[in-house]
Amino acid sequence: MESRAPTLSPDGGTLTAALFRGFYPVWGTLVLGVPLLGILREAFRTQGTSRGVLDALLDPAILTVAGFTLLQALGSVALAFLIGVPSGLWLGRRMAVVPGWVISVLQFPMGMPSLAAISAALFWIGRNGALTQLGLWPEAWLYSAWAVVVVHGVWNASWVALRTLVARQAVPRERVEAARGLGASHSQMLGHVLWPELRNEWLWTGLQVFQLCAMSFVVVQVLGGGPPVETLETAIYSRLRLAELDFPGAIGCVLLQLAVTLGPGLLLLFKTLREEDARAQSLGRVVRSGRRSDMPEMGLPGVLLVFALGLLPWVGLVRWEALQSLGPILQSPELWPSIRVSAGIALLSTLLAALQVFLLIRSVLLQKERERSFAISVALLPSGVSTLVLGFGLWLAFEFAFDPFADNLAWVIVLQSVLAVPFLFRAFWPLASRPELRLQEAARALGASRYQVFRAVEWPRWKPAIQGTLGTLLMAGTGEVAALSLLSGGDWTGGVPLSVQVSRALSQYQFAQAQGWVLLLLGVGVVLALLPRVLAGVVDRGGGR
Amino acid sequence: MDGGCGNEAESNPHMNFFTYLGILARSSISPVLVAAGLALVPPLALAKPVLVISTYDSLASKSGLGGKLFPLFEKTCNCTLKISAAGDAGTIASRLELEARRGKLRSQVILGFDELLWPRIKPHVDPFQPKGLEALLPEIRSGVTAIPEGFVPFDHGIHAFIQDTQLPLAAPRSLADLKDARFAKKLLLQDPRTSTPGLGFLFFTRERLGRDWPRYWSDISGQWLTLASGWDQAYGMFIKGEAPLVWSYTTSQAYHRLHGDPDSKARPARYHARVFEDAMPIQVEGAALVRGLQGEERRLAEQFLEFLISPEAQALIPEGNWMLPVRKGVALPPVFAELPKPRKWIHLRADAGELKEVLAQWNRALQR
Amino acid sequence: MNERELVISSVRMERGAFCIEADFKVTPGERVALLGRSGCGKTTLLRGVAGFEALTQGRVHSGDLELSALPPERREVGFVFQDLALFPALSVGDNLEFGLRVRGISKAERLKRLAPWVERFGLRGRESEPVGNLSGGERQRVALIRTWVTGPRALLLDEPFTALDPGMRAEFRAALLEVLADNPVPVLWVTHDHGELEAFATSRIAVEETGGGGVRRFVREGSGSK
């Protein structure tokens, strides 16, 4: 006796269903509500007044910073779209199927740690940068708001191109051909055929990029040239670092930060949720073709464009001195412990994030339609909260149970996993919320068991998303530094994480060696990023006969 | 790994879930180590007494000062040192404050704060003065007014601009000089909100310019290339040639002399430390005993502080931490001896609450 | 072997605003069309027989086997969807083999069973292609063969001719008749096209609405042409 609704019914009465349904509010409370309240409580307890929060909220300097945060993020999104959308559309016209390597290359920048981004940026637009020396980067723009916007824009353009490309692929070919047959020009095609399909994808990707840029810290601080170019994140950092711990002020900034980063997101969410089309948003179908050839139909220009988007901005990282210093690093006794610890943190935090997202998706699916938007907003909240605040908050809230400063990586892993949830959720939700029911039924009608149905119908849909997003998270996780520097202290007897090796080398004048550690970190990140692909291959082979 | 397991047993006698997760994290990486670690738990619990020192990360690192200093102490004290490393000095202070509020102080010695951070540290430490303070340099002994309050200096650095002479530029001779057009976008400074040298520069301007300091900052806002988030960011950019002047310490010159930039008549060195004619700020780093220690813990902590200013420890400072020792009569390597010295040293101090106020004022000055 | 009657006995499906009632039999060799306007519930009933919709009351039997007690994957009832539902991630060959593969049949045996159909319907040599490469008619045939080769007890077709042009309809009709000639099973199919009725149905069941559309009863009419 089967129902035709998605497999999870909001009215399901079992205990398991009730537990799942209650998961998202519990999760939201634990990982966000409690930490924020912990900081608030600390603020009242010690600084005794809510005026501190209001003062920060109404401080004209802070409001200016909030305004700049917003502007800079919008500008970055605009630039990322300006580069990424035409590229994605152009590539999409030329490819019947998106090869895996294209996805990997275009995704690569998303996993880049900020440490590397500065170095890579300076190669192009530093004082001695390639573009500066060619006169293509004006001196007035060195270390200015422009530099920030350009770096953000270029960094994220590749992701925008990828999402555009994949969404373009999902537009049924017949529709495009029909339009072309009717004599539609490119712009008419874009307006009438592509726009409805791509619109939601662009809104969501734009939001994602916006949030990343609004929360940006190191890039803005260094490349922006100092105040008034700064984001709310800098304002928060300055309240929680050298001067006394200004919790009320930090809370005020966090509230503003939430408003800036999530405000537009929530509006979008409520508007577009009902119209989401999973096909346009999944990372594309991989149609297994008999052709073994990897050479896509996009030809050399396409290949060059892909490399230009995904790899060209980062060539500055591969410096000769850095490569040279890799030698001694590779012979250092600290090498393998460092790799193990960093890889371990990345793997565990990614797995924990995936677990949370899985539970959240189940929980959201069990909510009634009306409550789903709210539930999804909760899942997306961590992307709008400062790492420092969340870290402090978790510590204040939970340190009665444990000491995060003991030589204990568990909390770094927890914090990192929470921060990764919105990214994963965003990638998996469209797939989960619109399962291919018809195909599932067809498979069942043919006699397939639940597992066989999954393998034949759902796995091919999920595989690219799993490979892509888990790969990106793994790579980004190896470069994690914010959570580490805050929540973990010890003599790293188990191995010094790679990002800490970088900062240690830097603080001891060993700049070339620091770059060497950065290269190693990237190398480890790339290897980890390929791991989901390898495992997916194993799953593929395991199912076939 | 072994130390990690043992210390978990000490600070967390009950293996709660998260500790287990932490072990699991490591064990999933190396199962053998877990077995070894667990086997070691009982013996370590009965082993030598432990002294927990809270310090910043680069000092704690094996290739830094800590790599030589701590083993040296462990040899003499017959104890184990456990280092609790924070990201930087500010984080140390934050953790100390938060721990103190809960009455659960983890460490016995705080190491690596300076005079500007002292107001945050002071309420939580004991006004202990170790034996041997008479052997300190007189400028330090008299200049660091917090010594009677428990501030034990262990090294100091004289701030200076380091100049890359590959780019022709006359060195700045004073703060006012920096306003000159020839320095436009040629300076690399640090953000005082996130960097101690940066904070030092800010307080230096305040000290020298009195009430005019906010205007000074507005005036020089066109002069810096950027305000880096920390010393390492700034210096890294300096090395890459982004700007010819960076705010650092005179000892940076010593580093360069010993690493690829020797000075000779035939081939003059590229990097030089520049001090102002009249005065330069100095940063004194110190250590202190946490309040409320008793018995064996206290004895060990006191012993460590005395060790810090002993000749053996002080001799490690120059090439271990790239700072200057605070003790008289410590033989300096030649490249340290030839570092420029300002006519006058300025100690940068702040009262409780002053940091916050000054930074807020600074922010306002720059927003205009 | 599959000479079983498809019996829909006292079936009632309540769907909020309306409810569907049906009580009829389909004998092997019969091709019964479910007729009615759009949205009257014919597809719902068909899906109920297949097991994708819950029955509020009543049973469905195929010979001795009570289908309504089984989940869809064990009913051995062939279902061809209106949009065909070919698996886009699998090749033509994998689609064809799917039903046999999930039954644990070896590769060699699968190919052996498919060979005559592949040959007969002109799909030889196309096995490694993606399904997207096929024409509409070819896809229809793939959908039919992949179901048929599993030896179903009954065949359920949801608007099989709707998306086809007249030429393709004739082809598909011929294909259907060919497979059924080998092994006549009860066929229940949904349509709203009267032309096809004439050409393909042996009898028809139309919907009778009472209670202001609240109750829709599927009642057997006289037989159509062969």
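Analyst: A residue is called buried if 20 or more other C-beta atoms lie within 10 Å of its own, exposed if 12 or fewer do, and partly exposed in between, with C-beta atoms placed from the backbone. By that rule, 58% of the 545 residues in chain A are buried.

This is a predicted model, in which local features need pLDDT of at least 70 and side-chain atom pairs count only at pLDDT 80 or more, while totals for chains, interfaces and linings use all residues. Residues are numbered from 1 along each chain as its sequence is written, and chains are lettered from A and ligands numbered from 1 in the order in which they are written.

Chain A contains 25 helices and zero strands; helices (H or I, at least four residues) and strands (E, at least two) are DSSP runs, numbered from the N terminus. Two residues are in contact if their C-beta atoms, placed from the backbone, lie within 7 Å. Of the contacts in chain A with a separation of 6 or more, 84% are between residues 24 or more positions apart.

Chain B can be set beside it. Chain B has 16 helices and twelve strands, and 49% of its 368 residues are buried. In chain B, 77% of the contacts between residues at least 6 apart in sequence join residues at least 24 apart.

Back in chain A, helix 8 covers residues 145–169, which is 25 residues. From first C-alpha to last, helix 8 reaches 35 Å, close to the 36 Å expected at 1.5 Å a residue; the expected span is 1.5 Å times one less than the number of residues.

A pair of helices in chain A comes next. Helix 4 (residues 60–94) and helix 15 (residues 299–310) of chain A have axes that come within 11 Å and cross at roughly 145°. Axes here are lines fitted to C-alpha atoms, for helices over the stretch in contact, and angles run from 0 to 180 degrees between N-to-C directions. Helix 4 brings A:Ser87, A:Leu91 and A:Arg94 to this contact, and helix 15 brings A:Gly302, A:Leu305 and A:Leu309. By class, the residues where helix 4 meets helix 15 are three nonpolar, two polar and one charged. Ala, Val, Leu, Ile, Met, Phe, Trp, Tyr, Cys and Pro count as nonpolar, Asp, Glu, Lys and Arg as charged, and the others, Gly among them, as polar.

A:Ile413 sits in helix 20 (residues 410–433) of chain A, and A:Ile413 is buried because 29 C-beta neighbours lie inside 10 Å. Its C-alpha is 34 Å from that of A:Trp124, which is 289 residues away along the chain.

Chain A also touches chain C. That contact takes 25 residues from chain A and 30 residues from chain C. On the chain A side, helix 21 (437–445) and helix 22 (450–478) each supply at least two residues. Helix 21 of chain A gives the largest share of that side, six residues. The side of chain A that touches chain C is made up of eleven nonpolar, six polar and eight charged residues.

Helix 1 (residues 42–50) of chain C is largely enclosed by the rest of the structure, because seven of its nine residues are buried. Among those buried in helix 1 are C:Lys42 and C:Arg47, along with C:Leu45 and C:Leu46. Just after helix 1, C:Gly51 takes a positive phi of about 105°.

C:Ala85 lies in the loop between strand 6 (77–80) and helix 2 (92–102) of chain C, and C:Ala85 is buried because it has 24 C-beta neighbours inside 10 Å. C:Glu159 is in the loop between strand 7 (154–158) and helix 5 of chain C; with 19 other C-beta atoms within 10 Å, C:Glu159 is partly exposed. Helix 5 (residues 166–182) of chain C holds C:Gly167, which counts as exposed because it has 9 C-beta neighbours inside 10 Å.
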